[in-house]
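Have the sequence and the model side by side. Which strands, helices and contacts are worth a look?

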Amino acid sequence: MRQSSLSGIVLLAALAAAGVVSWASGPQAAQPQLPRPNILWITSEDNGPELGAYGDAYATTPSLDRLAARGFRYRTVWSNGPVCAASRTALILGVYPESTGGEHMRSYVPLPGDMRLYPALLRDAGYYTTNSAKADYNYGNTGTVWDEQSNTAHYRNRPPGQPFFAVFNSTVTHESQIRTRPHKAVHDPAGVTVPAYMPDVPVVRQDWAQYYDRITEMDTFVGLRLAELDADGLAGDTIVMYFGDHGSGMPRSKRFPYDSGLRVPLIVYVPPKYQHLIPVEARVPGAEVTRLVSFVDFAPTLLSLAGVAPPAWMQGHAFLGPHMVPAPGFIFGFRGRMDERYDLSRSVRDARYVYIRNYMPHRPWGQHVGYMFETPATATWKRMYDEGRLNATQRAFWEPKPHEELYDLDADRWQVDNLAESPAHAAALARLREALDAHQRRTRDVGLLPEYMLHRDPQITPYALREDRSRYDFERVQTMARQAADARVPLDDIRPMLADSDPAVRYWAATGVVIRGRDAVAAARADLVRLLGDGDPGPRIAAAEGLARFGSAAERDRAIARLVADSDPVRHGEFAALLAAYSLNQVTDLPAAVRDAIDALPATPADAGRTRRQREEYLPRLKAAIRNDVR
């Protein structure tokens, strides 16, 4: 028997002899009846597992390394979503955002009345819950969630004897902090390992080195929180979990459904008296646990640690506590609208491979998201692409995507060698492809619908919409979306769907024509012209983009006028307007009169309610992109 197991048993026996705990009887191993543990979460923004504890020799992270040495770490953890609001949307509910409509960056969808965020459930269970102070999730009707949520929120404010769940969030690793200048480098940029997909130039090295500097600052923050816990005499009663909220803030990490955008560190320390709440392989100090974990699992795990059975509507699975379930074979990621730019990708990984399906392969990964381009490395990388100074691997980020991507993480750390066409990897491709299909069927992925459809009827939530087959024929929409995105599917199989009775099917059929380019638009010209008068925004916007980019002069003028008209958020709603303006931005050489017309459109009306960020930022960014011909 290992020494750590012996010490845990001795401790529990001593506690039982003192009357502090009792022992459960029955055929299973004895279980102590202990006070519920406190739970402390320490989170950090925009950082993956670039820590010493994860084998990164360039990192300087003594506090986290010590925590991992005392506790255990999970090898493979995904945030589900690769950007803050999307990742925390999975985290806060234990339901995949693809099921609730919460995948888009700050879309603020409503939830069914019987779904509640996990801090509220912990409050019901008697926990004092505090958040200092990040609360960035895409739900708009969440009610009272925390006992305290502010920069000064603290478990010290709880009533005496009450167990607590407390979150302390560090922002020093955020994307915005790796590009602030001036900055004195602590980590030598010469020691940076530049990813194969990026150019190895001084600006890129500087941003990566500064990222590591910020990680060291974050590590200091972690050390202070742990020292505070110890000073309060609570370390022996508190389960500590540290994790990042998604991959690094560097381009092709944050916002992208690769392992580099989704993989985060997760380090856990459980005091000796609560060792029965963790798997056996985690009971050796410094252990690495190979179970696959993702953010959707965190909410049921917290409830399990608190002794509460997770509600049936949670889609995640507890990986600690008495309600722990067997490990999954796969974990899943997603990409929807990132700020002002629409995209749609889904990813899945097992212990070795990552598979990505791109539903909009005609959109480059490197679309001009204004906030992302504030990072010097991003702008430099794009400028070098425009100047023809990149190799094929580095150019791929700025060019149309493949419909499918498959990467072997054992052999290809940076995910640059796409094996989707490799006969030797056909079995792995088929396995992950089917895993993703099955996941989308289980979740009834509403991300396959244009975003405006999720907000169309205020009387039905997107989650309820997905369950109403008369409103959402998932199977037909999924089939059409897959066929549209796969250019190997003949146009003749796509064209009949342009007249389908379902507007979501018509939308994907028209998108499929655009994906196939100029010749397909010419072949389907009459159908697309007819769709310019469609009663639903999605099909007519997709058709208009195709004709505006590839049609005759007369068709182009008519299609551009259609997109300008649909970009009015007062007449058509903010999300249809966002889609139309985004599609118009794909059209080159717009006349000055069109740019002026877009500038003159009204802002999103103030009574749009939950969508302040779109009203103030996203549509104006698209207007600026149209005016400046940036895409």
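This report covers a strand, a sheet, a helix pair and a single serine.

The model is predicted: local features need pLDDT of at least 70, side-chain atom pairs count only at pLDDT 80 or more, and totals for chains, interfaces and linings use all residues. Residues are numbered from 1 along each chain as its sequence is written, and side-chain values use heavy atoms, with hydrogens and water left out.

Helices (H or I, at least four residues) and strands (E, at least two) are DSSP runs, numbered from the N terminus.

**Strand S5**

Start with strand S5, residues 164-170. Seven of its seven residues are buried, so the rest of the structure largely encloses S5. Buried means under 20% relative accessible area, with exposed over 50% and partly exposed in between (1.4 Å probe, protein chains only). In a regular strand the side chains alternate between the two faces of the sheet. Here Phe164, Ala166, Phe168 and Ser170 point one way, and Phe165, Val167 and Asn169 point the other way.

| Strand | Bridges to S5 | Residue pair |
|---|---|---|
| S1 (residues 38-44) | six bridges | Thr43 with Asn169 |
| S3 (residues 128-132) | five bridges | Tyr128 with Phe164 |

**The open sheet**

Four strands form an open sheet in the order S9-S10-S11-S12, with antiparallel pairing. Its edge strands are S9 (331-335) and S12 (404-408), each pairing on one side only. Neighbouring strands are turned by 15 degrees against each other on average, direction ignored. Axes are lines fitted to C-alpha atoms, for helices over the stretch in contact, and angles run from 0 to 180 degrees between N-to-C directions. Strands S10 (residues 345-349) and S11 (residues 353-358) share five bridges. Ser347 stands opposite Ile356 in S11. Helix H11 (residues 426-443) lies across S9, S10, S11 and S12, at about 60 degrees to S11.

**Helices H6 and H9**

The axes of H6 (residues 202-231) and H9 (residues 376-386) come within 8 Å and cross at roughly 155 degrees. That makes H6 roughly antiparallel to H9 (angles over 145 degrees count as roughly antiparallel, under 35 as roughly parallel, 65 to 115 as roughly perpendicular and the rest as oblique). Val203, Val204 and Asp207 in H6 meet Pro376, Ala377 and Thr380 in H9. Contact means heavy atoms within 4.5 Å.

**Ser583**

Is Ser583 buried or exposed? Ser583 is buried, with a relative accessible area of 3%. Ser583 sits in helix H22 (residues 574-584). Not counting residues up to four places away in sequence, Ser583 touches Ile541, Glu545 and Leu563. The C-alpha atoms of Ser583 and Ala548 are 9.4 Å apart, across 35 residues of chain.

How values were computed: Pairing = 2+ DSSP bridges.
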